[in-house]
Amino acid sequence: MNERVSILDGNTFLVSDERGNIEPSFDFPTGLFSFDTRFISNWVLTLNGEKLHALSIDDSHSYRTRFFLVPGEPTHYLDAKVSVIRSRSIGGSFDEELTLLNHADQAVEFVLRLDIGSDFADLFEIKHQRQKKGRTRPVVVGNELRLVYRREGFHREAVISTGPPAEIDEAGITYRILVGPHGEWTTRLHVATNIYGARGEDIRSTLPLGGHRSVEEIHVEQNELIARAPKLACDCEPLAGAYRRSLNDLAALRYESITLGVRLLAAGLPWFMTLFGRDSIFTSLQILPFLPELVPPTLLMLAGLQGSRLDDFRDEEPGKILHELRYGETAGFEEQPHSPYYGSADSTALFVILLDEYERWTGDGNLVRMLEHETRAALAWLDTYGDLLGTGYISYLTRNPETGLQNQCWKDSWDAISFSDGRLPAFPRATCELQGYAYDAKLRGARLARTFWQDPAYADRLEREAAALKERFNRDFWIHDREYYALALDPDGHQVDALSSNIGHLLWSGIVDESRAAAVARHLLGPRLFSGWGVRTLADDQGRYNPIGYHVGTVWPFDNSIIAWGLWKYGFREEAGKICEAMLAASRYFEGRLPEAFAGYERGLTDYPVQYPTACSPQAWSAGTPPLLMRVMLGLEPQGEHLIIDPAVPPGMGRLELLDIPGRWGRVDALGRSRSPHDERRGQ
């Protein structure tokens with residue numbers, strides 16, 4: 001397929017080729033989607049029976065695009081006597097305006113045809129190439145083509161309407177038009193995506209936004225959100241561009257939850273346009289100093305759907321925070337366990353971490369008190385169901401071997417956790433970063449208990465448990481002769497000895513013994529892990545290393561932002577700044593929009609970071625990376641009623657000012673300067 005072009009409004013999105021066409025595909029989710037269902041899988045424009053070709057694309061806005069098209073082969077473009085402009089926008093529904101321009105000096109008859117169809121595929125059916133079990137029926141009613149899908153009580157419709165002179169049939173729409181010399185003709189099409197509930201009404205109709213918005217409403221809302229974010233003034237254009245793009249993408253990824261009617265951030269286009277526990281929490285942590293208002297809906301939604309029972313199919317356990325929530329057909333008929341699915345071993349500790357970090361920035365103790373029960377339940381999960389083997393470590397083993405996730409850490413692909421020689425360990429697996437998250441959650445839970453829940457005995461207990469975990473972890477996970485922490489422990493307590501980026505998360509959590517932090521930092525910035533564009537997920541001398549392997553050698557911007565934050569926390573300002581510089585340099589080659597992942601090739605090998613072929617873009621925690629990098633470079637850290645500013649601006653960055661930062665101290669400004677090579681590395 002040609003290069004893909006996408007527009008989105010929350011979790012309603014459209015992916016087409018560079019001509020604006022959508023053709024049936026089970027290789028990649030092209031089409032018009034909303035709430036995990038593809039409503040349009042075929043949308044192909046022809047002029048006089050011939051497909052058009054793109055001269056240019058205007059995709060400067062996330063929710064609208066224009067395609068400038070001409071017929072014929074490229075050698076004939078300069079002589080084209082006709083051109084077509086496709087202008088489209090999205091806002092829960094989809095609108096397209098077709099404008100045909102006759103450049104000849106005489107009137108010309110044209111036949112413009114739009115072939116239309118839908119397979120109503122669920123995203124999981126596309127991903128796993130499964131066939132539909134329901135029935136699609138096209139119906140022509142007046143000036144509408146209705147594509148109707150039913151499978152028992154599951155009912156979805158795409159309703160395409162247009163004006164005259166349209167000839168509508170069950171496979172599309174034909175326009176037979178006469179355009180005068182140097183004249184033009186325009187028509188409009190509207191596609192409604194209807195998601196019917198048990199009562200035969202669109203289930204989004206009762207939501208505050210009603211499921212459908214105009215381009216003007218989207219534009220105003222996104223601009224209002226961006227206007228509330230701190231203002232950036234800097235000398236580094238890649239940083240300025242990445243920050244602007246991040247705010248735009250974060251605004252575009254907001255969607256209205258059917259479950260509670262709150263606005264949430266979808267995790268990433270195209271595969272993850274829904275709520276994820278881990279992704280949503282990390283994104284919230286990244287953007288907290290910039291857009292704190294986006295965080296409470298995520299916390300409330302995750303708390304409202306917290307596990308309350310044992311359910312093997314969904315990997316649900318009391319106190320556990322969900323992994324993924326889906327609204328599509330396969331979840332509804334329990335062919336996938338995502339209604340919701342709880343298969344992540346890290347989201348529960350991360351939930352506690354986010355709640356504490358949110359209060360530190362905002363001073364919102366009311367939310368902490370409101371979520372006391374859920375937070376205590378999450379902390380209890382760490383010591384009960386989370387500790388599968390009774391060793392005091394968080395480990396995972398899916399309860400659902402048929403459709404559950406094998407790996408339930410953030411590197412959740414099947415081959416992501418391995419020994420250095422490439423062998424895969426048995427289950428349960430206790431990955432190192434899970435222990436760091438648990439340690440951090442216990443310390444933060446202790447602060448919340450002592451400060452807000454008036455339970456000092458519980459706080460003391462959590463602190464003792466955290467101290468014991470840190471001591472035990474530094475004994476069992478540290479590989480003495482290699483001076484780094486093992487990626488995991490296997491069921492027998494043997495070290496899974498691969499060198500991976502996970503050790504950077506350990507710095508962020510604070511579980512690393514001070515005496516070992518420098519060795520960890522050296523590995524992270526050493527040639528085996530650091531490509532020059534960022535820290536690889538797996539070192540390049542490991543058995544499963546692959547520079548274009550999803551979790552075994554690629555560079556993940558989100559991962560690098562957490563690593564940079566961890567380096568800063570341990571005083572490694574220069575190393576943190578080096579990662580910030582690498583990420584911002586890479587962002588230039590992605591037009592400011594950092595993708596989900598890119599290849600782990602050495603920076604000296606290529607003049608630009610190599611794209612990963614199926615990376616999500618935009619993706620929430622990649623969009624959250626530039627804001628977190630700015631926090632690291634400025635050294636922003638809340639301490640009680642005060643905001644500490646301790647910069648780690650890399651050399652050559654120049655002036656860096658962040659104005660009007662919101663928080664419990666009001667709104668403040670922060671200034672950073674490029675560090676001199678003569679500055680001491682630690683404690684600045």
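The model examined here is predicted.

The protein chain contains 17 helices and 29 strands. Its radius of gyration is 26 Å, close to the 26 Å that the globule rule gives for 684 residues, so the chain is as compact as a globular protein of that length. The C-alpha trace spans about 85 × 60 × 50 Å along its principal axes. Of the 684 residues, 62% count as buried. The accessible surface of the chain amounts to about 25,100 Å², and carbon and sulfur atoms account for 49% of this area. Among contacts between residues at least 6 apart in sequence, 64% join residues at least 24 apart.

Aromatic side chains were then considered. A pair of aromatic rings is described by the distance of the centres and the angle of the planes. In total, 32 aromatic pairs were counted in the model. One of them is formed by Phe272 and Phe276, whose rings are edge-to-face, at 5.3 Å centre to centre and with 80 degrees between the planes. Phe272 has a relative accessible area of 15% and is therefore buried, the cut-off being under 20%. Phe276, at 4% relative accessibility, likewise counts as buried.

An edge-to-face pair is also formed by Tyr437 and Trp508, with a centre-to-centre distance of 5.9 Å and an angle of 75 degrees between the planes. Tyr437 lies in helix H10 (residues 432-451) and Trp508 in helix H12 (residues 502-509), so this pair ties together parts that are 71 residues apart in sequence. Both Tyr437 and Trp508 are buried.

When neighbours within four places in sequence are set aside, the residues in contact with Ser587 are Pro238, Ala242, Gly592, Arg593 and Leu594.

Methods. Residues numbered from 1 in each chain as written. Predicted model: local features only at pLDDT ≥ 70, side-chain atom pairs only at ≥ 80, totals over all residues. Heavy atoms only, no water. Helix = DSSP H or I, 4+ residues; strand = E, 2+ residues; numbered from the N terminus. Rg over C-alpha atoms; globule rule 2.2 N^0.38 Å. Buried < 20%, exposed > 50% of the residue type's maximum accessible area, 1.4 Å probe, protein only. Contact = heavy atoms within 4.5 Å. Areas by Shrake-Rupley, 256 points an atom, 1.4 Å probe, with all protein chains shown as cover. Phe/Tyr/Trp six-rings, centres within 6.5 Å; stacked < 30°, edge-to-face > 60°.
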